[in-house]
Every structure is written in C-alpha cells, then in structure tokens.
Amino acid sequence: MGESLIELPYEYDALKPVISQQVLEWHHDTHHQGYVKGVDSAEEKLEKQRKDGDYSSTGSILKGFTHNFAGTVLHEIFWQNMSPNGGGRPEGELLNKIEEDFGSYENWKEEFKAAAGAAGGWALLVYIPRNDELHNVVVDKHDQNAVWGAHPVLALDVWEHSYYHDYGPNRGEFIDGFFDLVDWSDVQERFEGIYSKF
Ligand code: MN
C-alpha cells in the first residue's frame with residue numbers, strides 16, 4: 001500500500017496567468033505532497049497501534065487520516081479538472097443534468113462561485129446517486145461539511161495557498177480565472193462514469 005503523488009497533467013507554467021508557475025510548484029510539490037505523506041504516516045501509526053495493542057491515540061490518528069486522505073483525493077480531482085486548453089461550457093449529459101437540477105448553467109455557476117467565495121477550503125460540484133442529483137457543496141478544510149455518498153466531479157481549491165500569492169485578498173478574481181481553466185471534458189467523464197453506474 002502507500003499513497004503516491006500524482007504527476008500534474010501539464011507543465012508547471014501551463015496554467016499561467018490564472019495560476020503562476022510558483023504557486024503551482026508550491027501547491028503540488030509541497031502542499032499536495034504533504035497530504036500524501038500524511039496519509040502514509042497515519043497508516044503507519046495505525047499499523048503500529050495494532051501491533052502494540054495500544055489504541056490510546058486512535059482518535060487523533062484517524063482525524064489525521066481523514067484530513068490528509070480527503071486533501072489527497074480533492075487535489076487529484078482539482079489538477080485533472082484543469083487544462084491550459086480549458087474554458088467554455090459543459091456539454092451533453094452533464095449540461096442536461098445541470099439544467100435539470102439548477103435550472104440553468106448560469107444558475108449553477110453563480111451558486112458555485114458564491115460557494116467558492118464562502119468556503120474555508122473547497123467548492124465542489126458533486127453527484128449524489130442516492131438522490132440522482134447534482135449538488136454544490138461548500139467545504140471547510142478538506143472534509144468539514146462533506147456529504148456522505150456524494151462523488152465530487154468538479155473541485156476548486158480556495159485555501160489561501162491556492163491563490164493568495166497571485167491575487168492577495170482578491171479571491172473573486174481567482175475564482176473567475178478558474179473558469180478559463182476548467183476542462184469540461186474531464187468533468188463530464190467523471191460525471192458520466194458515476195451516472196452510468198446508477
Ligand atoms: Mn490545496
């Protein structure tokens with residue numbers, strides 16, 4: 001077992017000017033890497049506990065696992081959701097479902113942008129098979145306000161490490177810029193892969 005850091009599907013300078021090379025290097029090589037290591041560290045501590053029969057630190061270890069695992073998963077989606085050739089609008093089944101569940105693409109986008117403005121971590125578009133519904137979710141840290149049984153199909157990281165070096169306090173400019181990077185074909189594939197199973 002053991003987690004590994006996924007490679008970015010583009011060069012470090014490929015998302016300029018929305019995300020600078022410096023921010024992408026720090027974000028992937030330091031922050032994302034840190035969550036990957038955090039998962040492995042938690043797993044090692046759990047193994048040791050089981051060997052030693054000492055479960056006195058279980059709570060803090062499992063909290064560390066959840067934080068780092070959720071961070072790892074969401075960063076993988078975030079990187080793959082973007083492309084230097086991104087932008088535009090969703091198409092096909094995803095667009096149909098957005099229109100069904102939010103009224104229009106514009107409604108969805110306004111709500112998602114508001115979620116990203118309010119989040120202490122992430123804005124997510126998720127598909128919830130239980131309800132056969134797309135939903136926006138506002139996440140603090142990597143896991144607070146998580147929705148059980150929901151599959152993220154679009155993730156936007158609004159931790160300060162994601163934008164502050166490039167935008168200062170103007171988070172809204174970063175959120176607007178993100179829409180020029182969204183690789184809707186990746187989002188559509190994620191959605192259709194889950195949607196087709198339910
Ligand atoms: Mn991040």
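**A close look at helix α5**

Reply: The buried residues of α5 pack against α1 (21-52), α2, β3 (151-157) and α6 (171-178); contact here means heavy atoms within 4.5 Å. Bear in mind that this is a predicted model, where local features need pLDDT of at least 70, side-chain atom pairs count only at pLDDT 80 or more, and totals for chains, interfaces and linings use all residues. Residues are numbered from 1 along each chain as its sequence is written, and side-chain values use heavy atoms, with hydrogens and water left out.

Helix α5 covers residues 160-167, and its buried members are H161, S162, Y163 and Y167. Buried is under 20% relative accessible area, exposed is over 50% and partly exposed is in between (1.4 Å probe, protein chains only). Helices (H or I, at least four residues) and strands (E, at least two) are DSSP runs, numbered from the N terminus.

Now for what flanks the helix. After α5 comes G168, with a positive phi near 60°. Beyond its neighbours within four places in sequence, W159 touches Y35, H67, G120, G121, W122, K141 and H142. W159 and R171 are twelve residues apart along the chain, and 9.8 Å separates their C-alpha atoms.

One of those W159 partners, H142, leads us to the largest pocket, which holds about 400 Å³ of space. A pocket, on a 1 Å grid over the protein atoms alone, is an open set of points where a 1.4 Å probe fits, with protein on both sides within 12 Å along at least five of seven lines; lining residues have an atom within 4 Å of a point. Its lining has 17 residues, and A70, H142, D143, A146 and W148 are the closest to the centre. Helix α2, a packing partner of α5, gives the largest share of that lining, six residues. By type, the lining is 14 nonpolar, two polar and one charged. Ala, Val, Leu, Ile, Met, Phe, Trp, Tyr, Cys and Pro count as nonpolar, Asp, Glu, Lys and Arg as charged, and the others, Gly among them, as polar.

Stepping back, the chain has seven helices and three strands, running α-α-α-α-β-β-β-α-α-α from the N terminus. Buried residues are 43% of its 198 residues. Of the contacts with a separation of 6 or more, 68% join residues 24 or more positions apart. The C-alpha trace spans about 55 × 40 × 30 Å along its principal axes.

Notes
Points joined across faces, edges and corners; volume = space filled by probe spheres on them.
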